[in-house]
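Please read them with the structure open.

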Amino acid sequence: MNILFYITPKSEVAYLYDTDTVRQAMEKMESHRYSAIPIISKNGGRYLGTLTEGDLLWIIKENNIFTIHDAENISIMQIKRNRDNEPVGVDADMEDLINKSMNQNFVPIIDGGKCFIGIIKRKDIIQYLNQKLMKYQQAAK
């Protein structure tokens with residue numbers, strides 16, 4: 001099964017650039033209702049990691065950020081991230097996606113040059129598994 005059938009392409013995914021600030025991250029995550037968001041390099045589009053709401057809370061606490069103006073002066077690359085969502089290449093198989101999705105709500109997809117091309121959401125992986133189960137159950141009847 002080609003995993004690209006399940007990809008949400010970069011053009012349809014909200015993401016952050018490594019040059020963005022904490023304020024920009026907070027605003028983008030709020031407007032898209034994301035609890036985690038990919039970070040890519042502005043130069044070259046390489047996947048760099050994943051920023052989560054928890055990561056933002058820690059930087060806000062550690063830097064005593066009390067106004068949105070305070071958040072404009074801190075780069076997201078200064079944030080210590082708890083853990084990054086592990087990406088897979090375009091040639092990965094569904095088993096790789098399933099294993100990764102157990103611990104992350106989306107799997108970043110990268111090309112051969114490690115450039116970010118999109119994500120596959122946990123929801124899409126669950127739908128794939130549900131379809132397989134339904135086919136298996138129908139065949140067993």
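Predicted model: local features only at pLDDT ≥ 70, side-chain atom pairs only at ≥ 80, totals over all residues.

Which side chain meets Glu 86 in a salt bridge? Residues are numbered from 1 along each chain as its sequence is written, and side-chain values use heavy atoms, with hydrogens and water left out.

1. The partner of Glu 86 is Lys 100, and their side chains meet in a salt bridge at 3.5 Å, N to O. A salt bridge here is a side-chain nitrogen of Lys or Arg within 4 Å of a carboxyl oxygen of Asp or Glu. Glu 86 sits in the loop between H2 and S5 and Lys 100 in helix H3 (residues 94–101), so the pair links distant parts of the chain, 14 residues apart. Helices (H or I, at least four residues) and strands (E, at least two) are DSSP runs, numbered from the N terminus. Glu 86 is partly exposed at 48% relative accessibility, and Lys 100 is partly exposed at 22%. For these labels, buried means under 20% relative accessible area, exposed over 50% and partly exposed in between, with a 1.4 Å probe and protein chains only.

2. The count comes to 4 salt bridges. Arg 23 forms one of them with Glu 27, with 2.8 Å between the closest N and O atoms. Arg 23 and Glu 27 are 4 residues apart in helix H1, which means about one helical turn separates them. Arg 23 also forms a salt bridge with Glu 72, where the closest N and O atoms are 2.2 Å apart. Glu 72 lies in the loop between H2 and strand S5 (88–89) and Arg 23 in helix H1, so this pair ties together parts that are 49 residues apart in sequence. The relative accessible area is 24% for Arg 23, 35% for Glu 27 and 31% for Glu 72; Arg 23 is partly exposed, as are Glu 27 and Glu 72. Shared partners join Arg 23, Glu 27 and Glu 72 into one network.

3. The largest nonpolar core has 15 residues. Such a core is a set of buried Ala, Val, Leu, Ile, Met, Phe, Trp, Tyr and Cys residues joined through side-chain atoms within 4.5 Å. Leu 16, Val 22, Leu 51, Leu 56, Ile 76 and Ile 79 have the most contacts inside this core. Helix H1 (22–32), strand S3 (36–40) and helix H2 (53–62) each give two or more residues to the core, and H1 gives the most, with 3 residues. Leaving out residues up to four places away in sequence, Leu 56 touches Val 22, Ala 25, Met 26, Met 29, Leu 51 and Ile 79; contact means heavy atoms within 4.5 Å. Apart from this core lies another, of 11 residues, with Val 88, Ala 92, Val 107 and Ile 125 among them.

4. There are 4 aromatic pairs in the structure. Rings of Phe, Tyr and Trp (its six-membered ring) pair if their centres lie within 6.5 Å; planes under 30 degrees apart count as stacked, over 60 as edge-to-face and the rest as tilted. Tyr 15 and Tyr 17 form an edge-to-face pair, 5.5 Å centre to centre with 85° between the planes. Tyr 15 is buried at 16% relative accessibility, whereas Tyr 17 is partly exposed at 26%. Tyr 15, Tyr 17, Tyr 47 and Phe 116 form one aromatic cluster.

5. Lysines lie over both rings of that pair. Lys 28 is over the face of Tyr 15, at 5.9 Å from the ring centre, and Lys 42 is over the face of Tyr 17, at 4.9 Å. The rule asks for NZ of Lys or CZ of Arg within 6 Å of the ring centre and within 35 degrees of the ring normal.

6. An open sheet of 3 strands runs in the order S2-S3-S4, with mixed pairing. Its edge strands, S2 (16–17) and S4 (47–52), each pair on one side only. S2 and S3 run parallel and are joined by 2 bridges; two strands pair if DSSP finds at least two bridges between them. Leu 16 has Ile 39 as its bridge partner in S3.

7. Overall, the protein chain has 4 helices and 7 strands. Buried residues make up 35% of its 141 residues.
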